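Open the model in your viewer and keep the selection tool ready. Each stop below says what to select and what is there.

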Amino acid sequence: MSSLKIDNISMRFDLPNGGAVQALKNVSLELNQGELLSVLGPSGCGKTTLLNIVAGFLAPTEGKIVLGGKTVKGPGADRGMVFQQGALFEWMSVRENVGFGPSMKGMPKAEKKQIVDHLLETVGLHDFKEKAVYELSGGMQQRVALARCLANDPEVILMDEPLGALDALTREKMQGLVLNLWKETGKTVILITHSVEEALLLGERLLVMAPRPGRIHREYRLPFAEMGVNSDLREVKKHPEFNLKREEILSMIWEMEEEIMGPSEVAGA
Amino acid sequence: MIILLIYIALFVGAFVAVSAIGHARAKAHDFTSLKTVTFGDESAVRPNRAASVISILVLFLLWGAFTGSKWLPEFLHAPGPFIGATEFNYTLRTADGSTDDATVTVNVYAAGADETAPEVDPGDGIAKNDSAAIRAWRSGLIRVDRNDELGREDGAEIVAINGEPIAPGGEVFVSNARLGMSTKGTLNFVPDKGWQMEPIWLPAPETVLKRTFEIASDGYQNFTLAEHLFWSLFRVIVGFLCGAIVGIPLGYAMGLSNWFRGWFDPIVEFMRPVPPLALIPLVIIWAGIGEVGKIILLFLAALWIMAIAARAGVSGVRISKVHAAYSLGASKWQILRHVIIPNSLPEIFTGARVAMGVCWGTVVAAELVAAEKGAGMMIMVASRFQLTDIVIMGIILIGVIGYGIDILMRIAEGYLVPWKGKG
């Protein structure tokens, strides 16, 4: 079983004016195979930077990422990524998009077709496989992005606010889909989100990050993801523990925001 | 000025007429027609097709009316030049003060018609009757005292036309003409020109059409019309293809490599604002006026446009698409082939449309300067011989072909890059 190790990562960006931004400082974390981690934090806490480092798009100034015993040197097919939106290839049909990874590997056509058909069935887009991606709604496009990522059978799935641009109803449906896919495939998943509720629902482990410098503030282990698999997410949300945790994390983030921005003017009104 | 006023009147008149018809007809109930706010909402403005059709008809109507076209009924014609016989009297005063009148008959004839002066009876008295023939739209000197018993060398002079006094440098209007008097006392007869254009300035539409068929079958300057147009198009297509074959990879290289970007940036940025027409003299010096020179010129015209379009296409790729491809296991070449190139195609098509337009304009200009065949050469040579009908035909065909090229490119674009603007 291959685990993902984030080993003492620091990231500094030099600015053109001579200054520097400490985007991440001494972030360490270990994820076992099949764990679902959601990452939450105020803007500018380095969530996306961390994800880009794990994906291999950025090289950290200090520390390293180790996946299955091997140090990550750059992007690779073992770490699939799902973006917020606009990362589908609009010159390809839905089927071609999902089959992109297998095609790049030179997989035989019959085998590829089987994988693509199975995944499109799983995400509920079987009837749309010959459509152009720009003909689909936002929610359907994210289903394609999920299927495309899974078609490559990565060890880790990285999600950068994958549901951020969707409306509330579609988002809830998609949250259920993500949970079920996670359970079915047994993949390690890191999910970045702005929504506390989503982080609670879709996090077996939940990481709250703090800004300036970006660091891990608090880590939780939560039961809600397990509860949510194959059941109604609205029921999970009614759980008293869920509401307690939500209030706790919300006020934690509010405090951090106030530290940066000063006390909110609206808060007293 | 009168033409402008007529044009405005037709514009307004057609609008009122079409609106009246439009109101009478049942309204459509699409989204745009149900908008209550349309003024200021640009998206609600659609070209009115009736206006487009009427606009073209009006252009031909005005053209026909002011050239006396046979396609139009007579009553629509603008007043033409005076043609026919007219006459006026002049009064001769001799040195001793006695005067005598005589009549001048002038035959104003249309080009190609009978141009003989009418026979007239000289009549009695010192002054004798005269006759003259003058072509419509032209003017002519009439020395009316030439056959008189006492001419200007005897001290006789013309003092009045039709009873109106006239002196050297003055003028008198008689029926259908204006008479001027030169400083030496000769009469200058200017028949009324009317409002129509003379065929050598603007031929009637049917003349142009007739000439088109004539050139299509017999040719002009050793080449038929189809050959002239084919050569122009051939140069454009070859020049454009050469420019695209070099320019697109150059643009990709500039979009993907620091070194290429740095090396070619100054060259591209310098050449881009140089109009291709400014290169014609240099290209003629280097490559002569044959096909090679033309194609080099068009190659240069297309090259920079295509390079910049390809560069913009590469820069326009969303980094998340490239990242997605990398994390799906694609190699650099696979990313170039499957992500960057398809992503840049819409930009390249836009560039190709611009480049084809510029090339078409440049080839005509280059042929105007020097060529043995081609649409531009045809109209340039025709203009030297004042063959206005060929010039107008050439201009119309050049416009139609340029428009046709753009339409074809747009159709190809819709077919080949349907995802344009949908990313």
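**Stop 1: where the chains meet**

Begin at the contact, to which chain A gives 21 residues and chain B gives 17 residues. Keep in mind that this is a predicted model. Now select β6 (79-82) and α3 (100-105) of chain A; these are the elements that give two or more residues to the side of chain A that touches chain B. With four residues, α3(A) gives the most to that side. Which classes of residue does the side of chain A that touches chain B have? Colour by class and you will find 13 nonpolar, five polar and three charged residues there.

**Stop 2: chain A as a whole**

Select chain A. Its secondary structure comes to ten helices and ten strands. The radius of gyration is 19 Å, close to the 18 Å that the globule rule gives for 269 residues, so chain A is as compact as a globular protein of that length. Its C-alpha atoms fill a box of roughly 60 × 45 × 35 Å along the principal axes. Of the 269 residues in chain A, 41% are buried. Take the contacts in chain A between residues at least 6 apart in sequence: 69% of them join residues at least 24 apart.

**Stop 3: the cores**

Next, select V54(A), A147(A), L158(A) and I190(A). They have the most contacts inside the largest nonpolar core, which has 82 residues. Helix α5 (residues 138-151) of chain A supplies the largest share of this core, seven residues. Zoom in on A147(A). Leaving out residues up to four places away in sequence, A147(A) touches V98(A), L119(A), L120(A) and V123(A). Another core, of 50 residues, lies apart from the largest one; I215(B), L250(B), A382(B) and I398(B) are among its residues.

**Stop 4: chain B as a whole**

Now select chain B. Look for eleven helices and nine strands. Is chain B compact or spread out? Its radius of gyration is 33 Å, well over the 22 Å that the globule rule gives for 423 residues, so chain B is more spread out than a compact globule. The C-alpha atoms of chain B fill a box of roughly 115 × 65 × 40 Å along the principal axes. In chain B, 29% of the 423 residues count as buried.

**Stop 5: the domains of chain B**

Colour chain B by domain: domain 1 (2-76), domain 2 (84-191) and domain 3 (206-416). Finish with the centres of domain 1 and domain 3 of chain B, which are 35 Å apart, taken over C-alpha atoms.

Technical notes: Residues are numbered from 1 along each chain as its sequence is written. Chains are lettered from A and ligands numbered from 1 in the order in which they are written. This is a predicted model: local features need pLDDT of at least 70, side-chain atom pairs count only at pLDDT 80 or more; totals for chains, interfaces and linings use all residues. Two residues are in contact if their C-beta atoms, placed from the backbone, lie within 7 Å. Ala, Val, Leu, Ile, Met, Phe, Trp, Tyr, Cys and Pro count as nonpolar, Asp, Glu, Lys and Arg as charged, and the others, Gly among them, as polar. Domain bounds come from an automatic or database domain assignment. The radius of gyration is taken over C-alpha atoms; the globule rule is 2.2 Å times the number of residues to the power 0.38. A residue is buried if 20 or more other C-beta atoms lie within 10 Å of its own, exposed if 12 or fewer, and partly exposed in between; C-beta atoms are placed from the backbone. A nonpolar core is a set of buried Ala, Val, Leu, Ile, Met, Phe, Trp, Tyr and Cys residues joined through C-beta atoms within 7 Å.
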